[in-house]
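Hi everyone, thanks for coming. Let me put the structure up, and then we can walk through a few of its contacts together.

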Amino acid sequence: MTLQDAKKGALLAKLAPSVAAFVDELLPGGDGWPSGATIGVQFPLVERLIEQNGEQALMALAETLDRIGAPFDGMDPDARVEAVKSMEANEPARFGWLRDAAFQAYYESPIVVTLIDAAGTPYKILPHVSGYDLPRFDRATQTPRHNRGRYIPTDQVAPVDTSGLNLDTVKTDKWGLQR
Amino acid sequence: MTADKERDVLVIGSGATGALSTMVLAQAGLDVLCLEQGGWVEKNEFAHTHTNWAWQRATNWNPDITRRDHPDDYMMGTDSSQPLMWNAVGGSTNAYGAIWPRYRPSDFRKGDEHGMQPNWPIAYEDVAPFYERVDAILGTSGLTGDPAMPPRPECPTGPLPFTKAAKKLSEGFDKLGWHWWPAEAGVISEDYDGRPACNNCGLCNGCPRGSMSIYSQSVWPKALEAGAELQTHARVLKILTGPDGRATGARWKNRVTGEIVETKAKIVIVAANGVGTPRLLLASGIGNSSDMVGRNLLHHTLVSAQIWVDEQVDGQMGYVASVLGREFAETDTSRGFVNGFNFNCTTSAPSAGEMATGWMSGTKAPWGKDHHTWMEKRFGHSIGLFAIGDDLPNPENRVYLDPTETDEDGIPVVKMHYEPGENDKRMMNYMLDRLQDLGEACGAFDIQLNDYRDADGVYRTPAWHMIGTCRMGDDPATSVVNGWHQSWDVPNMFIVDGSVLATGGVVNPTPTISALALRAAEYIRDNFVDLTTTERTLAA
């Protein structure tokens, strides 16, 4: 075994606890909510990472988590958060993918779905199968009575005055959220 | 090369318009073959039937053809828009939302109104009867009596449930004195034509139970019952023409066996959507004497907002669209631009995971200790708002073929370019301000706007609507087809998909595209004998 192989082996050996610890920093438990690792978010996370990015992504993940000190043994809670923040700042694309994948895996857990539903927000793991109960539209009470709105019939479409628009000469540089 | 027998009609593409065309012509007793590059989507293949449905909606069921790896797709590149489509029997209806509003009469007369868009060669009144008949074929839902639209008969099924989100929005519209109306939907609120009523699941990207009209379930069974033949996994490589300029059929590849087949036909109908149709015409070198094939791509000016309110509105439940707002649908030049826009108000993300990862506005839940508090306050409290406007055509906004890159069959890779013009930018600014108004009127504690511009400022709109790329008109020099969808250059070739729309209106186009396709198919049916010999296309 080469030194490189030995190093890879060591990283992979601690990958399972490292991913679990990372997931628990993203999705800590508390106030009745299970932590991410408690319900196994790390398993679909790793599977999907490989599905989307190939097997080499596993080693890259191990190296990334190693750089931030995962599985965070001996680190106090604030230091763990700071470690994850450093990954967020230094590897935003990778971090963003892992965060989103972890969130998705967490909320497709039947355990979490059941907890959301039990807390008062109707929610189902397979809503398409059983649906949600909603009352039928009530024409007597839910038909709009505002009488607002108009349309121009075909034979009444007439030229509008566009002379003041100056679309060819006045340009809008700041548009969208920059407006 | 295998020579197939000659058909009366060859239809290319089995989506909404190919399905309707095939049905009408097969029911008339014609020998119709439809070629579809994809396959049937079985019910259990849809994301809806799996516990990881939200993940699938972002990955293998992602409607963006450039962000999934699916063997039924063709190669496509874009420097701007997100091209959303699905390639399978039923086409993009396998993944659409089926919001079902109609065009307005003025949408067909923009040439008269301001001249920056063409008049259509037909009017609203020409299309209206076909809206009703398409509704009856598919099953739709909605409420009549909207004063902002021409009168119309009742929908086949009544309005879908008026959700808490709809109620909240209606209060906001009322506060502003703006028009609103319950959304029309290509979804049935009662059992209809052997399909079950909507069960309010909220997963409105296609619908394997068939409550939403996906055409593989609502139209194709009727077409096949009438004797039509549907060849799946058949990728058309070229539309063939003879020395007289008439189409003689198509050369296609059986994607399962690799066999190359030539099918002859008396009439060819192209129904491959606003990207696929210009791709095929350009690759075949036909129909483009006007140089308009692929040009004037329209998406609609689109911006959006996500709002969160204190009340629990449970937007994860119910049909995806809640109310439509038509207050600004007509042109008012005092706003600083021509054309108008609608509000397409939705419910919300059906998935907590989608909410956490940035649904609609891109606003994500925080990670760490504040995550659960954020979600408790926001999941079930969110509403999504779109403003969708009529964009002006620009010939440089287009679908075109890459000059060097080809796919495995030697077909040039199709590319898309789109950027909004001056009028569109002004409209988007105005729309964003009005979305802010609406969010505030609803009492939202947070309003996040989305202009769909990336970090480099490029407008990357989610483009379900890819229209205008083979537009209809009165003049062969500025349009691709006449008012009956007949190619000016190839008189027995008809284009029936959304590429023929001359303007985009302020609404989701599938109802109009479908009505037009039904109208065109009946024209072909009623004039079939003449069309099998005609050598010249006339203005409709």
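Let's start with two tryptophans: Trp61(B) and Trp86(B) are both buried, where buried means under 20% relative accessible area, exposed means over 50%, and partly exposed is in between, using a 1.4 Å probe and protein chains only. Before going on, a word on the source: this is a predicted model, where local features need pLDDT of at least 70 and side-chain atom pairs count only at pLDDT 80 or more, while totals for chains, interfaces and linings use all residues. Residues are numbered from 1 along each chain as its sequence is written, chains are lettered from A and ligands numbered from 1 in the order in which they are written, and side-chain values use heavy atoms, with hydrogens and water left out.

Back to our tryptophans. How do Trp61(B) and Trp86(B) pair, and at what distance centre to centre? They are stacked, at 4.1 Å centre to centre with 5° between the planes. For pairs, we take rings of Phe, Tyr and Trp (its six-membered ring) with centres within 6.5 Å; planes under 30 degrees apart are stacked, over 60 edge-to-face, and the rest tilted. Trp61(B) sits in the loop between α2 (53–58) and β4 (76–78) of chain B, and Trp86(B) in the loop between β5 (82–83) and α3 (110–113) of chain B, so the pair ties together parts 25 residues apart in sequence. Helices here are DSSP runs (H or I, at least four residues), as are strands (E, at least two), numbered from the N terminus.

Next, Tyr103(B) and Phe108(B): their ring centres are 5.7 Å apart and their planes at 55°, so this pair is tilted. Both Tyr103(B) and Phe108(B) are buried. Over all chains, the count comes to 29 aromatic pairs. One aromatic cluster is formed by Phe173(B), Trp178(B), Phe328(B), Phe337(B), Phe341(B), Phe343(B) and Tyr430(B).

Phe173(B) also leads us to helix packing, since in α5(B) Gly172(B), Phe173(B), Lys175(B) and Leu176(B) meet Asp437(B), Leu438(B) and Ala441(B) in α11(B), contact meaning heavy atoms within 4.5 Å. Helix α5 (residues 164–176) and helix α11 (residues 422–441) of chain B pack at about 110°, with axes 8 Å apart. That makes them roughly perpendicular; the classes are roughly parallel under 35 degrees, roughly antiparallel over 145, roughly perpendicular from 65 to 115, and oblique for the rest. Axes are lines fitted to C-alpha atoms, for helices over the stretch in contact, with angles from 0 to 180 degrees between N-to-C directions.
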